Every structure is written in structure tokens, then in C-alpha cells.
Amino acid sequence: MSIQVRNVRKTFGDFVALDDVSVEIPSGSLTALLGPSGGGKSTLLRVVAGLEQPDSGLVEIEGREATRLPAQERGVGFVFQHYAAFKHLSVYRNVAFGLEIRKRPKAEIKKRVTELLELVHLENFADRYPSQLSGGQRQRMALARALAVEPAVLLLDEPFGALDAQVRKELRVWLRNLHDQVHVTTVFVTHDQEEAMEVADSIVVMANGRVEQIGSPDDLYDQPANDFVMSFLGPVTQLAGRLVRPHDLELFTTPDVDTVPAEVQRVTRLGFEVKVDLRIDGRDAWAQVTRGTAEQFGLEAGRTVHVRRAPDRIALPVRSA
């Protein structure tokens, strides 16, 4: 089910949450809405879900006008950050809930719930209660419950935001694999750049209620539309008044073409990678090199090196505030 959002505006009093936002989400895709807090991501998701009504603009789901449709008529499954589980119901009953209120036959409910619990690897936890599950297990249960009614669209609002870093990483892989099996058009909100880059087919970068850029993870990283997108998707530093990726800086022990001198301020080893803090023309910068390069150059605080941007690497002018 494809989703089209056209020229949507949404305000809360004097605050403009969405300002003429247009987005097209292809059928069967896994799309991330990425941006800082207050950028409009969750508001856009809630407008698509029917939980908020836009002041103006249009929402279509699979070519069907849905702007004023109530949420229950949109064929949308919604998963919140904090699970919203029914504490007094077992895992099985939580997943079955949507089917039960739709008065589906018991045999159909049993078959569907059993399949979903196997899909989310909770088949051995059917009789437990939410309080007896880990955070990751509760979130998988919530996803199974949303999928039980076979939604046309699955919407996830920071689904892993309440979990610790290691569990989030594990669930990223799980969500990607789950999507590849069920092929439901899925949109998820996140402020975690790594999460969006790792999981999504397409990323919608938002800030201040506007769409800054839409594209694949590779497109956004390699061809950012502006300095905000470049800064938000991956590390950046400055060289000669331009934003560059730290790993795109080349270091030399002697002057070379287009290099500038830099004083090493600090060398920090982070496993295989090494962060080199630099001082260039009175400004702070940093480069990312391999441990082998750091050892080869004998990098240490106080040493002078010569730096340039690697040829054919992206660099954007720094936008003044």
C-alpha cells in the first residue's frame, strides 16, 4: 500500500509542526522519518495514522483519499514506543485482541496468533504476561499485535527508543528481517541516524516541520542536499570553511599539493579506528584514520601534520547561523 502526503500543514497554536510537507512512500517499502526532536516526524506519522487531522493538505493510502477518514478505517497498524500492552492479558491474548474485537472465528484467531508468535520468536512465551517479558520481547509482542489484523500500513513511533543500546541493535536486524518476510509498507520514526541508515530502504530527513531531503541511505550520506543533512547523517568536521567527513581527510608528514599544516591535539584509539583531534588555522577539526595509519605516522599530541580533503569527496560550504 503506497502512501502519499501532499502539502500537509499542521499547527498547534502558534507552533508550526508541519509546514507544507509532501512525501511519497512506495508500496512495500521500509521508510524512516529521521530528524531532531520537534522536527515534525511523529506529527507526520500521526497524520498518516489518522490520530491527528491536518489543517490543510491531503493524505492518500493506496490511491484512496484518507485525509478525513477515522483511524480505524485506514487499515493502519500503529506501534508506540512504550508498548501499550494489556497487562492483565497473556502474550497470546494481547496478540489476539484485535482479532477478538473483530469477532473473527476462534480457529482463525488461533492460527493467526500462532503464526505471528512464531514469526516474532515468542511461541514459547504465549502464556506469560507482559511483566514477565524483557523490553525487547514486549516490543516484539506489540509488533505482532499490530500485524495480527493484517494492516495495509505499519507505523512505528520510535519503537526501540525505550530500550538499551544493545537491545536496539538486535531489534534493528530483527525488524529488517521481519519486514523482508511480511512486506507490509512500513514507516518508522527515529532520531537515531545509525538506526535509519541500517534498517530503511528510504529516509525522509525532517527539521523544523519541513522535509530537508528524501533518498536512500547511500544517497543521503554521499550526496547530502545541504549542511544540515550532511551533519545529521554521519560525522563531520571543517576544513577551509567547508564541511567534510573526517574519514575523507588525508594526512601527510610533509607538505603536499593543497595541504594545510595542522597540529595534533589528541589521539584517541577507538578499536580499529583512531580519532585525531587537530588545530588548523586556530580552529578545531578532527580526522578519522586507521590504527595502522596512526602508528605509521607516529601520531601524537604536539606533532605537525599536513591535511587535505581526499579528491572527489563531498564538501559543503558551512552555512552561517
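Predicted model: local features only at pLDDT ≥ 70, side-chain atom pairs only at ≥ 80, totals over all residues.
Q: How is helix 2 oriented to helix 4?
A: Helix 2 and helix 4 have axes 7 Å apart, and they pack at an angle of about 25°. Because angles under 35 degrees share one label, the orientation of helix 2 to helix 4 is roughly parallel.

Q: Which residues of helix 4 make the contact with helix 2?
A: Helix 2 and helix 4 meet in a right-handed crossing. From helix 2 the contact takes Val91, Asn94, Val95 and Leu99, while from helix 4 it takes Met141, Ala144, Arg145 and Ala148.

Q: How many residues in the contact of helix 2 with helix 4 are nonpolar?
A: The crossing that brings helix 2 and helix 4 together is right-handed. Of the residues in this contact, 1 is polar and 1 is charged, and the number that are nonpolar is 6.

Q: How are helix 4 and helix 5 oriented to each other?
A: Helix 5 covers residues 165-182, and its axis comes within 11 Å of the axis of helix 4, the two crossing at roughly 25°. Since that angle belongs with those under 35 degrees, helix 4 and helix 5 are roughly parallel.

Q: Which residues of helix 5 make the contact with helix 4?
A: The crossing of helix 4 and helix 5 is right-handed. Helix 4 contributes Gly136, Gln139, Arg140, Leu143 and Leu147 to the contact, and helix 5 contributes Val167, Leu171, Trp174 and Leu178.

Q: Which element gives the largest share of the lining of the largest pocket?
A: The largest pocket, with a volume of about 630 Å³, is lined by 23 residues, and Val76, Gly77, Phe78, Arg102 and Val149 lie nearest its centre. Two or more lining residues come from each of helix 2 (91-101), helix 4 (135-148) and strand 6 (76-79). The largest share, 4 residues, comes from strand 6.

Q: How many residues in the lining of the largest pocket are nonpolar?
A: The lining of the largest pocket consists of 23 residues. Divided by class, 4 of them are polar and 3 are charged, and the count of nonpolar residues is 16.

Q: Which element supplies the largest share of the lining of the second largest pocket?
A: About 160 Å³ of space lies in the second largest pocket, which has 12 lining residues, with Leu239, Ala240, Asp258, Arg308 and Arg309 nearest its centre. Strand 12 (242-244) and strand 17 (304-309) each give at least two residues to this lining. The largest share, 3 residues, belongs to strand 17.

Definitions and conventions: Residues numbered from 1 in each chain as written. Heavy atoms only, no water. 1 Å grid on protein atoms, 1.4 Å probe; cavity = no way out; pocket = protein on both sides within 12 Å on 5 of 7 lines; lining within 4 Å. Points joined across faces, edges and corners; volume = space filled by probe spheres on them. Nonpolar A, V, L, I, M, F, W, Y, C, P; charged D, E, K, R; others polar. Axes fitted to C-alpha atoms, helices over the stretch in contact; angles between N-to-C directions. Parallel < 35°, antiparallel > 145°, perpendicular 65-115°, else oblique. Left-handed = near helix turned anticlockwise from the far one by under 90°. Contact = heavy atoms within 4.5 Å.
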